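Dear colleague,

Please find below the structure that I am handing over to you.

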Amino acid sequence: MSSSGPLLAVGRIGDWAHAAWAGGGLFVALLGIAWAMWQTSEVLVPPLTTPEVLTSPALRGLREQLDAAPGHYFGSAATDVEGLLRHHRVATEISRRLPTAGTTERAALERGLATAHRNIARTDPYLRWLLATAQAWIAREKLRKARRHTFLSAVLVIAGAVVFLGATGR
């Protein structure tokens, strides 16, 4: 029997009620396939991973691991994610204040900015690693979600096929 066998059974539909059931079953099955494709393709879309995403609920498990052993993840560069990002915030604040600073304050701010940039150079490798890890963590969570949705969509496809085949008398 060919793969088009079930569709050939449409020719055996004798009334509108069975045609409606067959059409509904086919629609449900196709909806299940579309749902599975949509959810699976969402896994393939890479998330934009910025330091702000580190506070999202999706990364709670990762943050718990980081908090449990900060020395393992941050070395001596920081004791937590906030400490890792602190130097970027300091540099941003100093850069914001520089244009309006007086001569004396400007010299102090420029020294502070140079220190912040040295600290950023020291902490950036850890931050890049953390952002890559966060991106992988998010992809893993999206894959888990897609698995659940794909299972449910398979149930929809089976239900639609049963209705379709029942309506066509097969």
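At what angle do helix 3 and helix 6 pack, and how far apart are their axes? Helix 3 (residues 60-68) packs against helix 6 (residues 103-167) at about 140 degrees, and their axes lie 10 Å apart. Helices here are DSSP runs of H or I with at least four residues, numbered from the N terminus. Axes are lines fitted to C-alpha atoms over the stretch in contact, and angles run from 0 to 180 degrees between N-to-C directions.

Please note that this is a predicted model, in which local features need pLDDT of at least 70 and side-chain atom pairs count only at pLDDT 80 or more, while totals for chains, interfaces and linings use all residues. Residues are numbered from 1 along each chain as its sequence is written, and side-chain values use heavy atoms, with hydrogens and water left out.

Helix 3 and helix 6 are therefore oblique to each other (under 35 degrees counts as roughly parallel, over 145 as roughly antiparallel, 65 to 115 as roughly perpendicular and the rest as oblique). Their contact (heavy atoms within 4.5 Å) is made by Gly-61, Leu-62, Gln-65 and Leu-66 of helix 3 with Trp-129, Leu-130, Thr-133, Ala-134 and Trp-137 of helix 6. By class, this contact of helix 3 with helix 6 has 6 nonpolar, 3 polar and no charged residues (Ala, Val, Leu, Ile, Met, Phe, Trp, Tyr, Cys and Pro count as nonpolar, Asp, Glu, Lys and Arg as charged, and the others, Gly among them, as polar).

Helix 2 (residues 16-44) also packs with helix 6, at about 165 degrees and with the axes 7 Å apart. That makes helix 2 roughly antiparallel to helix 6. The contact of helix 2 with helix 6 comprises 19 nonpolar, 9 polar and 3 charged residues.

The axes of helix 5 and helix 6 come within 8 Å and cross at roughly 145 degrees. In the contact of helix 5 with helix 6 there are 13 nonpolar, 7 polar and 4 charged residues.

Helix 5 also gives the most to the lining of the largest pocket, namely 5 residues. By class, that lining has 5 nonpolar, 2 polar and 6 charged residues.

Conventions: Helix = DSSP H or I, 4+ residues; strand = E, 2+ residues; numbered from the N terminus.
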